[in-house]
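User: Hi! Could you walk me through this structure? I'd like to go over it piece by piece.

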Amino acid sequence: MLKAVMFEEMKELTKKLVAIPSINGSSGEAAIADFIYGYVSGMPYFQRHRQDVFTQALPKDQLGRKNVFALLRGTKGNSKNTLIFHGHMDTVGVEDLGTLKEFAFDCDRLAEEMKKLPQTEEVRRDLESGEYLFGRGASDMKSGDAVFLVLLKHLSAHPEELDGNILFMFNPVEENHHTGMITGLEILKQFQEKEGLQYLFAVNNDYICPLYAGDSKRYIYTGTMGKILPCMYVLGKETHVGQCYEGVNAVNLASRIVQAIDLNADLCDAYDGELALPPVALKLRDLKPWYNVQTAREAFAYFSYMIEDGETADILHRLRDLSQHILDDMIACQQEQLRTYSQAAGIPYKPPAFEGKVYLFEELMALAAERELVHIEQNLAELAVRGRENHDDARDIALAAVQELCRQLQLSGPAVVLFIAPPYLPHNTLHRDKPDEALLMKGLERIAGDMSAQTGETFEVLHFFPSLSDSSYLKIDDSPASVAALTHNFPVHEQLFPLPMDMIRQLSIPGINYGCYGKDAHKRTERLYMPYSFGILPELILKTIYTYLA
């Protein structure tokens, strides 16, 4: 009976959370935090323990966004062992829904409207089954928040069953800069130092999904992918279109580099038999401020690069070598095209002597030091501060710093500068060669096996949650050398993306992901499979709780 009651509670609460349009970068992120705070504050347990439910404002945040914390203290014993349950409250935008945008936050109405439109066979089947909940955020990840909240409501009625504590944490700003989680680390540290909480591990409830067509497994992830954002500032050699072979078009060069890197499976990182997804191009544009008949002197591109175990320096050098090959090949191809044109036009063939080079940002900083540009770091930092005050995009601020460095060095094209911009996410997982982590891995595998036998579902334990996750900031496996390579090639990182690296290493909380089961996150057909998400997942979470806090 209780299971059926919780199913309906989770379903209805998910609808209410979806109805709050908490799109990343909007005031809805503050509104949903207020709703969750009110929901938890209304529980009898937290009416008696008001000090254990609170919000934490994000510093200098114009939208008033905040984290929500709730600490459930078990009374069965005196254990300080603590599990963290966390989820994010924001969603991506709704532009992808097109004419259905106005229904994006109404789960029932959206499903009805989608039935009127052409759909794939699979989407049509899911719509008609009645087992899926459609809506922006239904899968990613308001259902996961709802599961946690309803479980908190029922668990808080019986704290005497817990020998230990559960700290619930709901964060904004996950869908881009992860500011909520990063800010929340300070609270985790305070609880650890002032109350002696001993964090066993953290469970995120971000969505899980099929990994390939026909995949029906339910996954438990013992860590999360890392990510860097490699950027390319492409400096060409401008020329009038009437003398087009006398220059190097930055747009042409940038597009060739993007073509070589985007979805290149040879660049995939790997660990222990698991393969990360390939780098994906997220931006490509020239930097001409207006129209003219001059070829582009500058262009800009950046990529999402997922990491499981790779060293930052190795990745950057690989991208530099590949880009250098592309640059050399483009110059050779352009000279060959000039040869063909000259023969057809009956004019002498005399190719320009282009020599292009690809630089790492740290190499240019070393060159600046060699030339005694003593104020360059201060100048770049001040540039970044102005950019932040103007609310410029963090990637554009990093680019502006690189442009200023190149200007002061009087760097001429053709050239490419490879650097890193926000966000950066550490990678982490459980390792079998570390006794404590191996023991936790075995415990999770045992829980998964028991759940498979109990429910008939096929569970599989893998190392890395395949998407980006706030869990990245709970534990860091990146080596000191890898972090050094990152910071040396990350312009004005202290102004753009300061990270409490020492605090993360001190906390070192294993990050597990269970997750509601859904399909098509970040797509117009985003949907949640309710029988697993509101039926079996809560049992998995409760089994975990009573395994470690019984």
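Predicted model: local features only at pLDDT ≥ 70, side-chain atom pairs only at ≥ 80, totals over all residues.

User: Which residue does K15 form a salt bridge with?

Analyst: K15 forms one with E12, and their closest N and O atoms are 3.7 Å apart. Both residues sit in helix α1 (residues 2–18), three residues apart, which is about one turn of the helix.

User: Is K15 buried or exposed? And what about E12?

Analyst: K15 has a relative accessible area of 16%, so K15 is buried. E12 is partly exposed because its relative accessibility is 37%.

User: What do the side chains of D52 and R73 do?

Analyst: They meet in a salt bridge, at 2.9 Å from N to O. D52 is in the loop between α3 (44–48) and β1 (53–57), while R73 is in strand β2 (residues 66–73), so this pair ties together parts that are 21 residues apart in sequence. D52 is buried, with a relative accessible area of 2%, whereas R73 is partly exposed at 24%.

User: And how far apart in sequence are the parts that R218 and E457 tie together?

Analyst: First the contact: the side chains of R218 and E457 meet in a salt bridge, 3.0 Å from N to O. R218 lies in strand β7 (residues 218–221) and E457 in the loop between α13 (435–455) and β15 (459–462), so the pair ties together parts that are 239 residues apart in sequence. Both R218 and E457 are buried.

User: Great, let's switch to strands. In what order do the five strands of the open sheet come?

Analyst: The order is β11-β12-β8-β14-β13, and the pairing is mixed. At the edges are β11 (280–286) and β13 (357–360), each of which pairs on one side only. On average, neighbouring strands of this sheet are turned by 20° against each other, ignoring direction.

User: How many bridges join β8 to β14?

Analyst: Eight bridges join β8 to strand β14 (residues 415–425), and the two run antiparallel. V234, for example, has V416 in β14 as its bridge partner.

User: Which strands does α8 lie across?

Analyst: α8 lies across β8, β11, β12 (298–307) and β14, and its direction is at about 10° to β12. Helix α9 (residues 312–345) lies across β8, β12, β13 and β14, running at about 165° to β13.

User: Where is I376, and what is it in contact with?

Analyst: I376 is in helix α11 (residues 376–389). I376 is buried, with 4% relative accessibility. The C-alpha atoms of I376 and E404 are separated by 9.0 Å, and these two residues are 28 residues apart along the chain.

User: Now the backbone. Which residues does a cis peptide bond join?

Analyst: One joins D140 and M141, with omega at about -15°. M141 lies in helix α6 (residues 138–155). The peptide bond from P422 to P423 is cis too, with omega near 0°, and P423 is in strand β14.

User: What is phi of L263 near? And of D272?

Analyst: For L263, phi is near 65°, a positive value in a residue other than glycine. L263 sits in the loop between α8 and β9 (270–271), and is exposed at 55% relative accessibility. D272, also not a glycine, has a positive phi near 50°. You'll find D272 in the loop between β9 and β10 (274–275), where it is exposed with a relative accessible area of 53%.

User: Last one: which residues form a nonpolar patch on the surface?

Analyst: V241, Y291 and V293 form that patch, and together they have about 330 Å² of accessible area. V241 is in the loop between β8 (226–235) and α8 (250–261). Its relative accessibility is 46%, so V241 counts as partly exposed.

Note on methods: Residues numbered from 1 in each chain as written. Heavy atoms only, no water. Patch = residues over 30% accessible without salt bridge, like charges linked within 9 Å, V, L, I, M, F, W, Y side chains within 5 Å. Areas by Shrake-Rupley, 256 points an atom, 1.4 Å probe, with all protein chains shown as cover. Salt bridge = Lys/Arg side-chain N within 4 Å of Asp/Glu carboxyl O. Helix = DSSP H or I, 4+ residues; strand = E, 2+ residues; numbered from the N terminus. Buried < 20%, exposed > 50% of the residue type's maximum accessible area, 1.4 Å probe, protein only. Pairing = 2+ DSSP bridges. Axes fitted to C-alpha atoms, helices over the stretch in contact; angles between N-to-C directions. Contact = heavy atoms within 4.5 Å.
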